[in-house]
Amino acid sequence: MAIHVTGSHMHDKVINDKIFKAGAAAKVACERFGTENVVDASIGVLLDDNEKLVSLSTVEKVFRNLPMSEITNYAPIAGLPDYLENVLDVVFRDCRPDAYAKALATAGGTGAIHHAVWNYTDIGDSILTSDWYWGPYQIVAEAFLRKLETFTMFDENRRFNTEAFRVKVEELQAKQTNTFIILNTPAHNPMGYSLDDDEWDGVIEVIKNAAKNKEKNIILLVDIAYIAYCGDQHDCRTFMKKFSGLPENVMVIIAYSMSKGYTLYGQRAGAIVGISSSRAAIEEFDSVNNYLCRATWSNINRSAMDILNIIHDDKGLTEQIETERDGYYQMLRRRSDVFLAEAKAINMPVMPYVSGFFMSVPAKDPEFACEKLFEDNVFTVPMMGGLRIAICGVPFQKLKIMAERMVKVVHLTR
Ligand SMILES: Cc1ncc(COP(=O)(O)O)c(C=O)c1O
């Protein structure tokens with residue numbers, strides 16, 4: 001019998017992190033065979049076509065000019081007051097919904113997801129997301145004694161499956177007080193899909209219908225981790241306007257991350273943004289998230305919040321960062337266009353891609369296909385239905401070879 005020293009809720013909790021496993025294997029392969037002979041499509045950070053980590057120069061300039069006291073000092077528990085205002089501008093831009101809204105600083109987007117799950121679900125609840133999803137959703141759910149359930153993301157036309165979504169929302173609503181939903185859009189990880197306005201209308205209709213039951217609440221968490229690289233920054237936010245005037249038992253929460261948009265992955269900064277028609281619900285949101293910040297990390301990285309504030313308040317810097325981001329959006333576009341063209345030429349299906357860091361290729365036995373690709377020095381991440389490739393980190397010149405090696409394994413089974 002296994003002997004545990006932990007509390008019973010942590011027995012047998014082990015992270016099987018396939019992303020870092022693939023990344024570590026790629027590193028070993030690079031040392032053995034040379035970087036030029038290895039395709040590492042595992043980790044979600046931006047690398048340029050020389051495989052160097054991208055640091056936005058606007059951010060670097062502002063960061064290096066911060067006084068030491070701003071780097072080392074504590075911040076208020078909820079975050080710097082200016083940051084809490086400015087981050088609302090950065091999240092919504094010109095698509096602010098007509099509703100109460102409040103932000104608190106969190107340790108990355110992960111911190112926002114952590115807070116939302118703990119504060120808005122009960123022990124034993126199920127959380128709903130799409131069947132292709134970012135693995136940590138499940139880890140956060142299970143660490144807090146919740147479960148993760150999924151709905152089929154696409155219908156036969158490769159469009160968001162509103163009907164499957166509705167069925168699962170109704171099913172969860174029948175058994176728990178809060179129906180907690182995570183949608184990762186725009187630029188979904190692992191697929192790069194973004195719901196369009198019609199698909200969003202379908203989602204809102206399902207939620208409004210469910211909200212007719214006033215005994216129950218609907219919590220919609222929208223994870224926008226990749227929004228900075230979605231092309232037109234107005235067009236990819238129009239869905240946010242749809243959060244205006246929702247019923248008072250609907251709480252929309254946006255998980256915002258500075259990791260990608262500011263290339264500040266390791267600085268651990270982001271925000272949880274609550275949106276509601278109810279002033280009381282937003283006051284409660286503020287209070288419980290403050291409380292949980294104190295209980296979790298106390299306060300977050302002050303200098304990252306300064307960086308957002310300084311860039312936000314300076315028109316020139318704002319324009320500069322926009323131009324830089326647009327350049328990297330174009331780089332991702334070139335990579336995805338080439339990969340899609342290669343895949344088409346060799347008859348390899350790719351899941352619907354709109355924008356972002358990742359694409360996915362369906363595979364019969366993803367774990368096995370992934371192992372086979374390791375042997376061929378291509379490092380991808382197995383997901384439930386296929387292989388995730390992080391095009392953010394694969395240089396242009398390696399895309400063709402990656403597609404050619406992938407097509408040899410995606411149909412294989414053990
Ligand atoms: C889908 C998704 N959500 C949220 C995050 C949060 O990232 P961070 O905690 O670094 O802000 C990531 C990062 O990889 C992600 O892929």
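Some ground rules. This is a predicted model, where local features need pLDDT of at least 70 and side-chain atom pairs count only at pLDDT 80 or more, while totals for chains, interfaces and linings use all residues. Residues are numbered from 1 along each chain as its sequence is written, and side-chain values use heavy atoms, with hydrogens and water left out.

Back to the ligand. Thr 110 has a polar side-chain atom 2.5 Å from a ligand oxygen, and for Trp 134 the corresponding distance to an oxygen atom of the ligand is 3.5 Å. There are 14 residues around the ligand, and Gly 109, Thr 110, Asp 223, Tyr 226 and Ser 257 come nearest; a residue counts as near if one of its heavy atoms lies within 4 Å. By class, this shell has 4 nonpolar, 7 polar and 3 charged residues. In that scheme, Ala, Val, Leu, Ile, Met, Phe, Trp, Tyr, Cys and Pro are nonpolar, Asp, Glu, Lys and Arg are charged, and the others, Gly among them, are polar. Helix α5, residues 108-120, gives the most to the shell, with 3 residues. Helices (H or I, at least four residues) and strands (E, at least two) are DSSP runs, numbered from the N terminus.

Which space does the ligand take? The largest pocket. Sitting in a pocket or cavity requires more than half of a molecule's atoms within 2 Å of its grid points. On a 1 Å grid over the protein atoms alone, a pocket is an open set with protein on both sides within 12 Å along at least five of seven lines, a cavity is a set of points where a 1.4 Å probe fits but cannot get out, and lining residues have an atom within 4 Å of a point.

The largest pocket has a volume of about 1,200 Å³. Of its 45 lining residues, the closest to its centre are Asp 17, Ile 19, Trp 134, Gly 135 and Pro 136. Helix α6 (136-143) gives the most to this lining, with 6 residues.

The structure also holds 1 cavity of 30 Å³ or more. What is the volume of the largest cavity? About 40 Å³, a volume being the space filled by probe spheres set on grid points joined across faces, edges and corners. Its lining includes Ser 130, Phe 151 and His 188, and has 5 nonpolar, 3 polar and no charged residues.

Last, the backbone. Most residues other than glycine have a negative phi, and most peptide bonds are trans. A cis bond joins Thr 185 and Pro 186, with omega about 0°. The bond from Asn 189 to Pro 190 is cis too, with omega near 25°. Pro 186 is in the loop between β5 (178-184) and α8 (197-210), and Pro 190 lies in the loop between β5 and α8. Asp 12 has a positive phi of about 60° and is found in the segment before α1.

How values were computed. Polar contact = N/O pair within 3.5 Å; in protein donor to acceptor, adjacent residues only side chain to side chain.
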